[in-house]
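Colleague: I am new to this structure and would like to go through it step by step. Please take my questions in turn.

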Amino acid sequence: QVQLVESGGGLVQAGGSLRLSCAASGRTFSNYAMGWFRQAPGKEREFVAAISRSGDNTYYADSVKGRFTVSRENAKNTVYLQMDSLKPEDTAVYYCAAAFRPYSRNTRVYTESNDYNYWGQGTQVTVSP
């Protein structure tokens, strides 16, 4: 089992930047493909970004492509989400998620919430106009 703790959320003006971090504890971090999801008030949780176990492959939702960057440092058991050019519609609780896939290709990414076994508690991101 792995425990995930997000940090880095907060209040920022439109056009600003935030960097979210997700620290993992427990089993071998490189066995997990990682993802970021978000949920705005009154809306369903949606996929934001994913990164493969190796970190060599990433995938983004169209709504954040070109503005957000996902990365990971396996030696630090941490995944990041760099968010630039933030918009008010990016306001949401952001969740880090881990998919235990030790036998899959280490370049594979996962975009469905059902693919993920473990979730963090979430961190609030609020973007003011």
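The questions and answers below concern a predicted model.

Colleague: In what order do the four strands form the open sheet?

Modeller: The pairing in this sheet is antiparallel. Its edge strands are strand 1 (2-7) and strand 7 (68-73), each of which pairs on one side only. Neighbouring strands are turned by 15 degrees against each other on average, direction ignored. The order is 1-3-8-7.

Colleague: Which residue in strand 8 stands opposite R19?

Modeller: Strand 3 covers residues 18-26 and strand 8 covers residues 78-83. The two run antiparallel and are joined by six bridges. The residue of strand 8 that stands opposite R19 is Q82.

Colleague: How many residues apart in sequence are the parts that the pair C22 and C96 ties together?

Modeller: The structure holds one disulfide, and this disulfide joins C22 to C96 with an S to S distance of 2.1 Å. The link is left-handed, with -75 degrees about the S-S bond. C22 lies in strand 3 and C96 in strand 9, so the parts tied together are apart in sequence by 74 residues.

Colleague: Is L86 buried or exposed?

Modeller: L86 is found in the loop between strand 8 and strand 9. It touches V12, A14, G15, G16, S17, L18, R67, F68 and V127, not counting residues up to four places away in sequence. Its relative accessibility is 2%, so L86 counts as buried.

Colleague: Why is the pair of Y32 and Y118 edge-to-face?

Modeller: This is one of the seven aromatic pairs that the structure holds. The ring centres of Y32 and Y118 are 6.1 Å apart. Planes over 60 degrees apart count as edge-to-face, and the pair is edge-to-face because its planes stand at 65 degrees.

Colleague: Which of the two has a relative accessible area of 1%?

Modeller: Y32 is in strand 4 and Y118 is in strand 10 (residues 118-119), 86 residues apart. Y118 counts as partly exposed, at 23% relative accessibility. The residue at 1%, which is buried, is Y32.

Colleague: Where does Y116, the partner of F37, lie?

Modeller: F37 and Y116 form an edge-to-face aromatic pair, 5.4 Å centre to centre and with 80 degrees between the planes. F37 counts as buried at 2% relative accessibility, and Y116 counts as buried at 6%. F37 lies in strand 4, whereas Y116 lies in the loop between strand 9 and strand 10.

Colleague: Which residues form one aromatic cluster?

Modeller: F37 and Y116, already named as an aromatic pair, belong to it. The cluster is formed by F37, F47, Y59, Y116 and W119.

Definitions and conventions
Residues are numbered from 1 along each chain as its sequence is written. This is a predicted model: local features need pLDDT of at least 70, side-chain atom pairs count only at pLDDT 80 or more; totals for chains, interfaces and linings use all residues. Side-chain values use heavy atoms; hydrogens and water are left out. Two strands pair if DSSP finds at least two bridges between them. Axes are lines fitted to C-alpha atoms, for helices over the stretch in contact, and angles run from 0 to 180 degrees between N-to-C directions. Buried means under 20% relative accessible area, exposed over 50%, partly exposed in between (1.4 Å probe, protein chains only). Contact means heavy atoms within 4.5 Å. A disulfide is a pair of cysteine sulfur atoms within 2.5 Å. Rings of Phe, Tyr and Trp (its six-membered ring) pair if their centres lie within 6.5 Å; planes under 30 degrees apart count as stacked, over 60 as edge-to-face and the rest as tilted.
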